Every structure is written in structure tokens, then in C-alpha cells.
Amino acid sequence: MARGTILLCLSLGLLAAANAVPFDFYYLVLKLIKLKRWIYLFLCTQWPGSICSDPCCMPKYGYPSEDFYIESFQAFDVSINKPIVRCRNSESFDIKKLDPIENSLKHYWSNINCPPTDGVDTWKSAWNSYGVCSGLKQLDYFEAALDLMKKAGVLVALSEQGINADMDMYSTEKIKWAVRQRIGVEPVVQCKDGPFVKRLDKIYLCVDTDAKTFIECPKLPATTCTEAACFQPFHNWMLNSTAAAAAFDSKILLPTDI
Ligand SMILES: *[C@@H]1O[C@H](CO)[C@@H](O)[C@H](O)[C@H]1NC(C)=O
């Protein structure tokens, strides 16, 4: 890649010296290089309380954290307005590489959908779909997402402004504002349809390609919320553990320690 760019610059320089190419050509090439780079990372955080408004299940490994968790972490291409998926990558998924951060993954990269799932499947699918296109090594990809999650502290951001998971209705603008107060950028707030009202479901954050810095989203996806959303409570006892025990034949499921 770097070598390709250097070669390209060199040949452009030579062409320029020869005065053989019209200005428009350079403009086009520069624009292409820039477009190619116009990629950012997209962190989707999920509120478990919204999942549990339908049946939700305890994962095989035990209780996740009572907090927002990572739903996905994608490289997003502005020029096509889509996540980049299934890139060629020589690093195939290896759960052993995630040993140092497995506990954090269980807490903050959970999957509480029914039927119950093993975290390994969730992380493997995340790596195979999106991680391989992130430009990061496997451990770095998951670590970066967890660090961003910690840095964002979405639940803290909300509670600092008096927005709590207490079944109350909160204005969508206030939710966005609260997140901005802590993180400094505008989030995208997504809602789920309920029987009477919309429920707070996901909060998206855009991240620079350094995988460290939150940025304003280059393009805001359409919001699925109306003026206000219900912030539903979430507690671990809401997770159906019968289903997990049946699916995995495990006798005791202990809460995982932080
Ligand atoms: C939990 O899951 C089991 C097995 O799928 C199901 O039979 C049971 O009705 C569920 N319990 C609740 C409270 O949803």
C-alpha cells in the first residue's frame, strides 16, 4: 500500500516533469486516493434492556454486565455508505488470542438473544465479518472496541444528566446531548418499536481510523427514534437461564467477575 503510493507519487512526479498530463488527471487521482482513505470506524452499542423487552437469554458463560454492550465494531466506507465486510485476511479467528481480555469480552461484548449463544460464536462472527476489514490484528481489534466502550461510558454519560433506565420517557435530543457532554461528539440514537412507545435501543458512535478517537459521524444514518424514547430497566435476573442450562447442559452458571 505505502509502496504503491510512493510509486504512484513518483510516476506522477515524472509525468509532471515531462509536462505530459493535464491538470484534471492529477485532480482525479488525488480525489481517488482521498476517497479510498475516507473510512472510519463505527461502534454500535446495545442497551440490553431493549433486547429483554422480548425474551432474552443468559449466555453460556454466565451473566454479562448491567451496562450497554458492544453489538458491532465495523469499518465503514463513506463513499458507498456501507460497512466493509469479509475482507481477505490471513489471520483466521483464534479464541486463544483473546485470553487476556476474555473476561471483559464476556461483560461488554455480550449476546443475550435467544436461543442462548456461546460468546465464542459471537466474537468469531464479529471477526470474520468486520474485524478482518478493520486493518487491526485480532487482539487489537477486540481490545480497541473494549477500550472505546470504557472511554465512552455511555451509561455514565446518561446518568450524569439524570437519564436512567427507570422506564421513564426521555427526549431523544436530551439523550444525544448527554452523550455529547461526556464524549464530545454527536451519537446516533436508535430505537425499537414497542407496543405503545419507542424504546431506547442502540447508541452509535463514530471513531477515527486510529481506533482511539471519537469523531463526528461523516454521514449520519437515519434515526429510528421519534421525539422521545422509553429507557427500560435491565437486570441480570431478566435473562432466561433455563434455556442456557438446557442448551449447554451446564449445572451452575456463576456471575463472572470484573
Ligand atoms: C426460558 O426458556 C425455556 C426454554 O427455552 C422456556 O421453556 C421458558 O418458558 C423460558 N422462561 C421464561 C420465563 O421465558
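## Burial and overall make-up

A residue counts as buried if 20 or more other C-beta atoms lie within 10 Å of its own. By that count, 33% of the 258 residues of the chain are buried. Keep in mind as you browse that this is a predicted model.

The chain holds 9 helices and 8 strands. Take the contacts between residues at least 6 apart in sequence: 77% of them join residues at least 24 apart.

## The buried side of helix 5

Let's start with helix 5, which spans residues 119-129. Which of its residues are buried? They are Gly 119, Trp 123, Ala 126 and Trp 127. These residues cover an arc of only 95° around the axis, so they sit on the same side of helix 5.

What do the buried residues of helix 5 pack against? Their partners are strand 2 (69-77), helix 4 (102-108) and helix 6 (138-152).

## A loop residue: Asn 164

Next stop is Asn 164, found in the loop between helix 7 (154-160) and strand 4 (169-171). Asn 164 has 13 other C-beta atoms within 10 Å, which means that it is partly exposed; a residue with 12 or fewer would count as exposed.

Leaving aside residues up to four places away in sequence, Asn 164 touches Ser 159 and Phe 231. Pro 233 is also worth a look: Asn 164 and Pro 233 are 69 residues apart in sequence, while their C-alpha atoms are 8.2 Å apart in space.

Methods:
Residues are numbered from 1 along each chain as its sequence is written. This is a predicted model: local features need pLDDT of at least 70, side-chain atom pairs count only at pLDDT 80 or more; totals for chains, interfaces and linings use all residues. Helices (H or I, at least four residues) and strands (E, at least two) are DSSP runs, numbered from the N terminus. The arc is that of the directions from the helix axis to the C-beta atoms. Two residues are in contact if their C-beta atoms, placed from the backbone, lie within 7 Å.
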